Amino acid sequence: MNRQTEFLVAAAVVAALGAVPSALFAQAFTLPQGVGAVTLAWQYVDNTGHRLSDGFLARRGESVTQSAIFEAEYGITDRLSATFGIPYVFAKYTGALPPPSNLPVDACACWHSGWQDFAFTARYRLGTDSLAFTPHVRYVLPSHDYRYQGEAVLGRNLQELQVGASAGARLPGFLSKASVQASYTYAFMEEVVGVDIDRSSVVFDVGYAATRRLYVRVGANYQETPHGLRIGSVTGRPFFPPGDYTGKPQLFAQRDRIGRVKYMQVGGGLSYDVGPADVFAAVSSYVWGRDAHDGEVYTLGATWYFDFRK
């Protein structure tokens, strides 16, 4: 590949990392026309508790989620790319018994597994090879009608349509080995029991080519569901539990879907060119949250590239 293609393919590692559920990496660059990429990744999520409405960390309801992630991307043109992905999820409740949910799925303290959600993404890059603005659209569809109540579940079992844009720049001069990217996404969520749970997310990251083979990144991710419901906190700020769910058992049963979730994650990752593939690793941690989980996320994987122009 020429230098331009090598740079675009290297930048596509960002897209592979951004495909995992706890995305910490913006996605401003696209694959060259006729180049495909297949990513296989393993993600371990250690949910160490829940942040209440005032930020207090309740060490209850702990769980572990592991995901085997598959994603395939193809450069339709040098600017337009299409992506398909789906994770296979393993979930287990690891907290004290009996669980806060009082549900059998958690009370057994055993593993539950299954396919989660299909994700279809299209991105179109504007600008140049070193300065890009890339609108994107993503549709998420549950693969089947899976269980969503409790901690040891595959997901929220909801459809969503995400729209947004990413911007990225390869820096000039003595910073030519560095890049900066950012993205904003708005998710139109399937309505649940009359509650608006549309959400926004902002991602920012900085990358640096330490060597011709090693690429390092650090980033931050903020997400907010502004119109969800709050559970309150033990301090009484803004009110005591069950807060917005008081006298509404039909809503409380949906709390993991309709919460007013706000959180920030920070983390970093690296990718290394081993010839036929790029291997990558990433770690992130919740550093702030309201009505959200707390914990750490670890990801390992590899991306293989295929040049169909040959």
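Which strand does His-50 lie in? Select His-50 and you are in β1, residues 35-51 (strands are DSSP runs of E, at least two residues, and helices are H or I runs of at least four, numbered from the N terminus). Before going on: this is a predicted model, where local features need pLDDT of at least 70 and side-chain atom pairs count only at pLDDT 80 or more, while totals for chains, interfaces and linings use all residues. Residues are numbered from 1 along each chain as its sequence is written, and side-chain values use heavy atoms, with hydrogens and water left out.

**Stop one: His-50**

His-50 has a relative accessible area of 18%, so it counts as buried (buried is under 20%, exposed over 50%, partly exposed in between, with a 1.4 Å probe and protein chains only). Now show the side chains of Glu-151 and His-293. The His-50 side chain makes a polar contact with the side chain of Glu-151 at 3.3 Å, and another with that of His-293 at 3.4 Å. A polar contact here is a pair of N or O atoms within 3.5 Å; within protein, one must be able to donate a hydrogen and the other to accept it, and residues adjacent in sequence count only if both atoms are side-chain atoms. Leaving aside residues up to four places away in sequence, His-50 also touches Phe-56, Leu-57 and Ala-292, among others (contact means heavy atoms within 4.5 Å).

**Stop two: the disulfide**

Next, pick Cys-108 and Cys-110. Their sulfur atoms sit 2.0 Å apart and form a disulfide (the cut-off is sulfur atoms within 2.5 Å). A search of the whole structure finds 1 disulfide. Check the torsion about the S-S bond: -75 degrees, a left-handed link. Cys-108 is partly exposed at 37% relative accessibility, and Cys-110 is partly exposed at 29%.

**Stop three: Ala-132**

Jump to Ala-132 in strand β8, residues 131-142. Is Ala-132 buried or exposed? Buried, with a relative accessible area of 5%.

**Last stop: Trp-304**

Finish on Trp-304, which is found in strand β15. Trp-304 is partly exposed, at 32% relative accessible area.
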